[in-house]
Amino acid sequence: MCQKHNEITQNPSHFEGTAEELATATNVQVNFMDYIKDMKFFDPHIHMTSRTTDDYQALADAGVVAIIEPAFWLGQPRTGLSTFKDYYSSLIGWERFRSSQFGIKHYCTIGLNSREANNEALAEEVMEILPLYLYKEGVVGVGEIGFDDQTPAEEKYYRLQLELAKEAGLPVQVHTPHRDKKKGTERSMAIALEHGISPEMVIIDHNNEETVKSVLDQGFYAAFTIYPFTKMGNERMVEVVKQYGSERIMINSAADWGISDPLAIPKTAALMKIKGISDHDIRLVTYQNAIDAFAQSGQINVDDFENPQEIDQSLKFNGNTILRGGQQPRVDKNALIIR
Ligand SMILES: [Zn+2]
């Protein structure tokens, strides 16, 4: 983490840069909700398994109506196949239910992440069970897959999973590496094309200024992760949209168990608004493009989140509820008083 960021004592969120920029940023932090009234957001990459009910509430309050949770690395190596099974099951089961209790439509992508592709014995077993989950309702892609250290094993399981995606007719959500990003991104795209997958079925994630042009030029979707301190801050993101427009570009929070911000999309939308980006372009990069990309799975019905149902927190999932002993189900989310 770079030293410059540590000098900012106020909550720095995604912001970095000059004193003037910071002043704008601070203002946005206080008031960002004022700039996004009546906007709807779709976060196509967020790991809610690692987040709290407070985060779900904050997402709902900020206008995030639907999310995609990609299967990913849990932060430490798994010791056996059954933990993959339980994890995939929770993505299409309990986590989806938890999300519904805050009025947020939850989808997921299923895949073997690149880091764990390097445990080949286990990877072989995971490949066997992936088809059991890929065809479930609400699974909108194979992901997140791709390269981490760019090892031969990662390439092998990336290729095998591209074939699974092709067979299932599902979009592919590609994680690009933090090290040697440019090379890893080019390699990910070349391999997808080699497998006969059309670029509009592939969402290349974690782009930056160095990768975006080539991704767009070759016809792929370009996703950007807005992360505090690393990857893309949202002021840089505003510049990317100014330069490249809004076609096939989408942003996400990729919020997970690390330092990250689940409100990255609404905050970036507010900043875009302040910086003069049109409502039309904001809507495309924070909502519509992600829907268009992942709806190619045939698993997204926009009615489910554009005309949301009443929330009933007294519902149960396999006998379990998000309420703790004695808690009353939430009735009105706008109530000021917390009892
Ligand atoms: Zn992720």
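I started with M127, which is buried because its relative accessible area is 14%, where buried means under 20% relative accessible area, exposed over 50% and partly exposed in between (1.4 Å probe, protein chains only). I noted that this is a predicted model, in which local features need pLDDT of at least 70 and side-chain atom pairs count only at pLDDT 80 or more, while totals for chains, interfaces and linings use all residues. Residues are numbered from 1 along each chain as its sequence is written, and side-chain values use heavy atoms, with hydrogens and water left out.

**M127.** I found M127 in helix 6; helices (H or I, at least four residues) and strands (E, at least two) are DSSP runs, numbered from the N terminus. Leaving aside neighbours within four places in sequence, M127 is in contact with Y157, L160, Q161 and L164, contact meaning heavy atoms within 4.5 Å. I also looked up G111, which is 16 residues from M127 in sequence and 8.7 Å from M127 in space, C-alpha to C-alpha.

**Whole protein.** I checked the confidence next: the average pLDDT is 89, and 86% of the residues score at least 70. pLDDT is the predictor's confidence in each residue, from 0 to 100. Over residues 1-16 it stays under 50, and the model has 33 contacts beyond four places in sequence for them. Where pLDDT is low, the predicted coordinates should not be read in detail. The secondary structure comes to 13 helices and eight strands. Of the 339 residues, 54% count as buried.

**Zinc ion.** Which residues hold the protein donors of the zinc ion? I found H45 (NE2), H47 (NE2) and E144 (OE), lying 2.1 to 2.2 Å from the ion. Donors are N, O and S atoms within 2.8 Å of the metal (3.2 Å for Na, K and Ca); water is not among the atoms, so sites may look incomplete. Along the chain the donors follow the spacing H-x1-H-x96-E.

**N113.** I looked up N113 in the loop between strand 3 and helix 6 (120-134). Is N113 buried or exposed? N113 counts as buried because its relative accessibility is 5%.

**Helix 3.** The buried residues of helix 3 (residues 53-61) are D55, Y56, Q57, L59 and A60. I saw them pack against strand 2 (64-70), helix 5 (94-100) and strand 3 (105-110). After helix 3 comes G63, whose phi is positive, near 95°.

**Helix 8.** Helix 8 (residues 181-194) has buried residues K181, G184, T185, S188, M189, I191 and A192. Why do the buried residues line one face of helix 8? Seen down the helix axis, they fall within an arc of 165°, so they line one face; the arc is that of the directions from the helix axis to the C-beta atoms. I noted that their cover includes helix 7 (152-168), strand 5 (172-175), strand 6 (202-204) and helix 9 (212-217). Just after helix 8, G196 takes a positive phi of about 75°.
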